[in-house]
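Hi there,

Here is the structure I promised to pass on to you. Have a look at it first, and then read on for my notes.

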Amino acid sequence: MDVILQILYIIVPASLIAATPLMLTAMGGLFSERSGVVNIGLEGLMVMGAFGGIMGTLIFEGMGFGNLSPWMGIGFAIVIGAIFSLFHAVASISFRADQIVSGVALNFLALGLTVFIVREVFDRGQTDTISARIFRTNIPVLSDIPILGPMLFSRVYLTTYIALLIVVLVWYVVFKTPFGLRLRAVGEHPMAADTMGIKVLRMRYIGVMLSGAFAGAGGAVYAVTIAGNFAAGTIVGQGFMALAALIFGKWTPFGAMGAAIFFGFAMALSTSAQQLPGFQNIPQVYFLILPYVLTIFALAGFVGKAEPPKALNQPYTKGSR
Amino acid sequence: MKNFMQGRGFNILIPLIAIFFGFAAGAVIMLFSGNNPIEGYSALIAGIIGEPYDFGETLQRMTPLIFSGLAVAFAFRTGLLNIGVEGQLIVGWFTSVYVGLAIEAPMIIHLPLAITAGAVAGALWGFVPGYLKARFQVHEVIVTIMMNYIAMHVTNSLIRTYLLDSGQRTGFINSTASLESGFLSELTQFSRLHWGFFIAAAACVLMWFILWKTKKGFELRSVGYNKNASLYAGMNVNANIILSMSVSGAFAGAGGAMVGLGTYQYANILPAFTNIGFDGIAVALLGASTSVGIFLAAFLFGGLQQGANMMQSRAGVAPELVEIIIALIIFFVASSYIIRWGLGRLTSRKGDK
């Protein structure tokens with residue numbers, strides 16, 4: 001029993017920590033895809049977010065904000081992410097570019113632009129390391145609960161719990177408010193939404209910019225909690241994994257959250273399986289590919305059919321049939 | 001003039017405009033970051049054609065890009081977007097190197113066998129999303145993205161477990177499976193240029209032949225234009241989708257074989273994607289999915305990536321500028337609607353006068 005608890009004390013916090021950036025980014029993807037715009041560019045938006053988070057933190061540190069600076073850095077990254085997502089929005093909504101191609105270009109552009117700036121500013125491939133990081137903390141009172149305390153509330157990042165609250169908030173906004181209804185209408189049947197007086201293109205712009213803001217936050221959270229600095233290799237695949245979580249979660253906030261935590265679990269297992277009794281003999285590669293294999297299964301309908309929003313990937317032209 | 005605008009000339013004009021805008025934006029970025037664009041671009045050009053070595057390396061770099069571009073274009077002709085070229089290329093690279101290492105045979109058997117093995121591995125990697133698309137209507141884009149990661153992790157794990165020789169890579173392949181060319185290398189001041197370049201050029205012709213000169217190619221293009229009409233005409237749409245993805249994967253896998261058997265002579269543990277496959281999307285898009293266009297676009301992107309080194313050493317511009325230019329070119333080509341619209345406005349106004 002003690003052994004199992006020891007395993008859980010390692011694996012559960014590690015899963016939640018790995019899942020946090022995925023959760024936030026998947027929420028961003030949800031806004032974009034629910035409005036009918038495919039967002040392959042989540043990866044690039046996360047890169048932008050990680051870059052913005054670190055640069056913002058460094059700037060605010062320099063201005064003497066101390067421990068507040070990583071939080072302000074995340075705020076900075078949210079703004080940067082939203083602005084950067086306009087590339088995708090303008091190309092795929094106004095210019096009717098292929099949404100997938102535009103997303104691919106966004107990923108290229110993010111990596112090129114950020115590393116270019118880093119090289120110009122720091123004269124090398126990575127930024128300085130931030131000194132005011134968001135560190136792991138024990139949550140008072142809750143961390144004293146037996147079993148659950150050490151598992152869920154000790155040595156955690158505050159950002160994880162904020163992300164969980166945001167998931168609830170996103171669910172409320174998307175499914176319980178007029179704005180959410182309009183967003184979903186635009187993604188399911190834009191022409192019907194248009195006849196009801198909803199501004200389709202404007203809703204889609206909002207959807208894509210929200211995806212930029214959330215993915216920016218996701219990338220920044222990863223950068224200021226786990227990475228500590230920014231380089232070309234800071235974000236490698238987390239954006240695509242967030243996209244996978246969104247699909248595996250069938251385009252719903254709680255589904256995506258569950259998928260993100262599960263993927264976080266697989267990631268945590270892949271890195272810490274060597275220390276765990278009973279897991280040493282399983283090759284790491286199985287944990288590494290698990291999220292991707294499961295997503296394919298989910299799409300093929302082996303794990304419940306994942307149905308995308310109906311108007312996904314279709315540019316809207318007013319008056320077209 | 002109007003006929004020219006609506007006809008083939010227009011299709012050539014859009015990529016040219018996109019390239020122009022891409023470079024213009026690159027110049028603006030250089031200005032803002034305190035570099036001299038003229039210096040930067042002249043260093044870039046010198047880095048592509050300045051010395052025979054640079055030119056040889058450019059041709060070496062464009063070889064796999066041609067294959068990945070052909071792979072994307074081939075699927076695109078059937079209305080499919082193959083984002084999985086990256087993964088197909090990785091498994092092709094690994095498999096061809098494995099055959100190059102494990103088998104002893106005379107070159108005339110060994111080399112074609114290794115290249116074919118790479119192509120078959122890529123085809124299998126393309127078959128899966130094709131089958132899932134045909135059988136379960138799963139969108140190929142998501143499946144191929146997932147397959148990319150599976151390819152990278154699985155090949156890395158196989159190399160680490162079974163083939164690790166020194167550091168992060170396998171041993172060198174047997175010389176009977178090598179595409180290395182002493183002649184081409186010597187001609188270009190000992191660059192890594194290899195025979196694969198000519199195979200890539202031949203592959204361009206092959207794709208043109210399959211798509212435009214065979215009955216199957218007609219079917220594939222027909223499915224791409226209009227699925228329902230093709231079905232009504234009695235074509236097996238699903239079989240064509242699977243075939244298209246498999247052939248596309250085979251091109252990508254062969255591209256991986258060029259990297260493995262030609263450029264490096266080994267396979268290594270990849271910390272991240274090679275990006276050759278993703279660049280293929282840019283190549284195919286800029287080349288308008290035509291064989292000639294892909295060849296030229298691969299030269300442009302291969303050259304940009306090669307010249308970036310010179311741009312850094314001589315003009316002090318970070319090589320990532322090239323990635324920015326490539327990304328912007330993709331944006332502009334993909335947004336051809338607005339370019340068309342703008343040009344249409346310009347020409348119609350001229351017509352009024």
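Below is what I found, going from the contact between the chains to single residues.

Please keep in mind that this is a predicted model.

**Where the chains meet**

The contact between the two chains draws on 37 residues of chain A and 33 residues of chain B. On the side of chain A that touches chain B, the elements giving two or more residues are α3 (69-94), α4 (99-122), α10 (238-248) and α12 (284-300) of chain A. Helix α4(A) has the largest share of that side, with 14 residues. Sorted by class, the side of chain A that touches chain B holds 27 nonpolar, 6 polar and 4 charged residues.

**The nonpolar core**

B:Ile330 comes up again in the largest nonpolar core, which has 224 residues. The members that touch the most others are A:Ala50, A:Ala245, B:Ile66, B:Leu70 and B:Ile330. The element that gives the most to this core is helix α9 (residues 200-227) of chain A, with 15 residues.

**The annotated spans in chain A**

An unreviewed UniProt entry lists "transmembrane region" for residues 6-24, 36-59, 71-93, 100-118, 156-175, 205-224 and 285-304 of chain A. I looked at two of these spans in the model. Residues 71-93 of chain A are 100% helix and 0% strand, with end C-alpha atoms 32 Å apart. Residues 205-224 of chain A are also 100% helix and 0% strand, and there the end C-alpha atoms lie 28 Å apart.

**Around helix α1 of chain A**

A:Gly28 sits in helix α1 of chain A. A:Gly28 counts as buried because 35 other C-beta atoms lie within 10 Å, where 20 or more are needed. What lies 183 residues away from A:Gly28 in sequence and 3.5 Å away in space, C-alpha to C-alpha? That is A:Ser211. With residues within four places in sequence left aside, the contacts of A:Gly28 include A:Leu42, A:Leu210, A:Ser211, A:Gly212 and A:Gly218.

A:Leu42 belongs to helix α2 (residues 42-62) of chain A and is buried, with 34 other C-beta atoms within 10 Å. Not counting residues up to four places away in sequence, A:Leu42 touches A:Thr25, A:Gly28, A:Gly29, A:Ser211, A:Ala215, A:Gly239, A:Ala242 and A:Leu243. The C-alpha atoms of A:Leu42 and A:Gly216 are separated by 8.9 Å, although these residues are 174 apart along the chain.

Back in helix α1 (residues 2-34) of chain A you will find A:Thr20, which is buried with 27 other C-beta atoms within 10 Å. Leaving out neighbours within four places in sequence, A:Thr20 is in contact with A:Tyr157, A:Thr159, A:Thr160, A:Ala163 and A:Val221. A:Phe87 is 67 residues from A:Thr20 along the chain, and their C-alpha atoms are separated by 26 Å.

Is A:Ile166 buried, partly exposed or exposed? A:Ile166 is partly exposed, with 18 other C-beta atoms within 10 Å. This residue lies in helix α6 (residues 158-176) of chain A and touches A:Leu24 and A:Met27, not counting residues up to four places away in sequence. A:Ile166 and A:Met23 are 9.2 Å apart, C-alpha to C-alpha, and 143 residues apart in sequence.

**A helix in chain B**

Helix α3 (residues 37-49) of chain B has 13 residues and reaches 18 Å from its first C-alpha to its last, close to the 18 Å expected at 1.5 Å a residue. Its buried residues are B:Gly40, B:Ala43, B:Leu44, B:Gly47 and B:Ile48. They lie on the same side of α3(B), because they cover an arc of only 140° around the axis.

**Two backbone points to check**

Most residues other than glycine have a negative phi. A:Asn313 has a positive phi, near 70°, and is found in the segment after α12 of chain A. With 17 C-beta neighbours inside 10 Å, A:Asn313 counts as partly exposed.

In chain B, Gln137 has a positive phi of about 55°. B:Gln137 is in the loop between α6 (107-136) and α7 (140-163) of chain B, and counts as exposed, with 12 C-beta neighbours inside 10 Å.

Best wishes

Methods: Residues numbered from 1 in each chain as written. Chains lettered and ligands numbered in written order. Predicted model: local features only at pLDDT ≥ 70, side-chain atom pairs only at ≥ 80, totals over all residues. Contact = placed C-beta atoms within 7 Å. Helix = DSSP H or I, 4+ residues; strand = E, 2+ residues; numbered from the N terminus. Nonpolar A, V, L, I, M, F, W, Y, C, P; charged D, E, K, R; others polar. UniProt positions renumbered as here; feature names shortened; annotations may be inferred. Expected span 1.5 Å × (residues − 1). Arc of directions from axis to C-beta. Core = buried A, V, L, I, M, F, W, Y, C linked by C-beta atoms within 7 Å.
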